[in-house]
Amino acid sequence: LQEAALWHQARVAARPTTKKLLMLPVDAQEVTMPQCNLNNFDAIMVAEFLINNLMIVSCDLSKNEITEKGATALAQALVSNRVLTSLSLKDNLIGPAGARRLSEMLYGNRSLERLNLMGCEVGDEGCLLLCEALEKSQCTLQNLALRFNSISDVGATGVGKML
């Protein structure tokens, strides 16, 4: 019930930038919305769009105002999406909790090849969760960008084990 209420809020409160989705050509393969001041409600709208779209292979939501809630919606959408190969959330504040949701998505997604989380404040906790998902899942991820996330030797050791 709470999730349904959030979806309804997203539809009502979505900002004009999400109208860009409705204006995409039918055969569009990219959603490119960096630096559009997108918030979590906008991310939920993009997630809903990705659930129902069979053409979009790349989604760039870099440098917006997306946090854990937006990352959660996107992660849920990508569990069922079998087309998207690239997602950039660069410079959004998803934190370790958002990284957790994305790592959970990796267990079910079989199409994502590139995930850019540079500058997302995932820290060691998020880094280790993502590494664990990459080790244990059968995901297709080939490129994971984690620079500028305050990752210490603990997180770096996790990356080294994964490699």
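Modeller: A salt bridge here is a side-chain nitrogen of Lys or Arg within 4 Å of a carboxyl oxygen of Asp or Glu. Keep in mind that this is a predicted model.

Biologist: How many salt bridges does a search of the whole structure find?

Modeller: The search finds four. One of them joins the side chains of Arg101 and Glu104, with an N to O distance of 3.3 Å.

Biologist: Why does that one count as a salt bridge?

Modeller: The distance between Arg101 and Glu104 is 3.3 Å, N to O, and the cut-off is 4 Å, so the pair qualifies.

Biologist: How far apart are Arg101 and Glu104 in helix 5?

Modeller: They are three residues apart in helix 5, so about one helical turn separates Arg101 from Glu104.

Biologist: And what is the relative accessible area of each?

Modeller: Arg101 has 28% and is partly exposed. Glu104 is partly exposed as well, at 41%.

Biologist: What does Arg100 pair with?

Modeller: Arg100 forms a salt bridge with Glu125, at 3.6 Å from N to O. This pair links distant parts of the chain, 25 residues apart: Arg100 sits in helix 5 (residues 95-106) and Glu125 in helix 6 (residues 123-136).

Biologist: How accessible are Arg100 and Glu125?

Modeller: Arg100 has a relative accessible area of 32%, which counts as partly exposed. Glu125 is partly exposed too, with 45%.

Biologist: Is Lys136 buried or exposed?

Modeller: Lys136 is exposed, at 60% relative accessible area.

Biologist: Change of topic. At what angle do helix 3 and helix 4 pack?

Modeller: Helix 3 (residues 40-52) packs with helix 4 (residues 68-80) at about 5°, and the axes are 8 Å apart. The two helices are therefore roughly parallel.

Biologist: Which residues of helix 3 and helix 4 meet?

Modeller: From helix 3, the residues include Ala43, Ile44, Ala47, Leu50 and Ile51. On the helix 4 side, Lys69, Gly70, Ala73, Leu74 and Leu78 are among them.

Biologist: What is the contact made of, by class?

Modeller: The contact of helix 3 with helix 4 has 10 nonpolar, three polar and one charged residues.

How values were computed
Residues are numbered from 1 along each chain as its sequence is written. This is a predicted model: local features need pLDDT of at least 70, side-chain atom pairs count only at pLDDT 80 or more; totals for chains, interfaces and linings use all residues. Side-chain values use heavy atoms; hydrogens and water are left out. Helices (H or I, at least four residues) and strands (E, at least two) are DSSP runs, numbered from the N terminus. Buried means under 20% relative accessible area, exposed over 50%, partly exposed in between (1.4 Å probe, protein chains only). Axes are lines fitted to C-alpha atoms, for helices over the stretch in contact, and angles run from 0 to 180 degrees between N-to-C directions. Angles under 35 degrees count as roughly parallel, over 145 as roughly antiparallel, 65 to 115 as roughly perpendicular and the rest as oblique. Contact means heavy atoms within 4.5 Å. Ala, Val, Leu, Ile, Met, Phe, Trp, Tyr, Cys and Pro count as nonpolar, Asp, Glu, Lys and Arg as charged, and the others, Gly among them, as polar.
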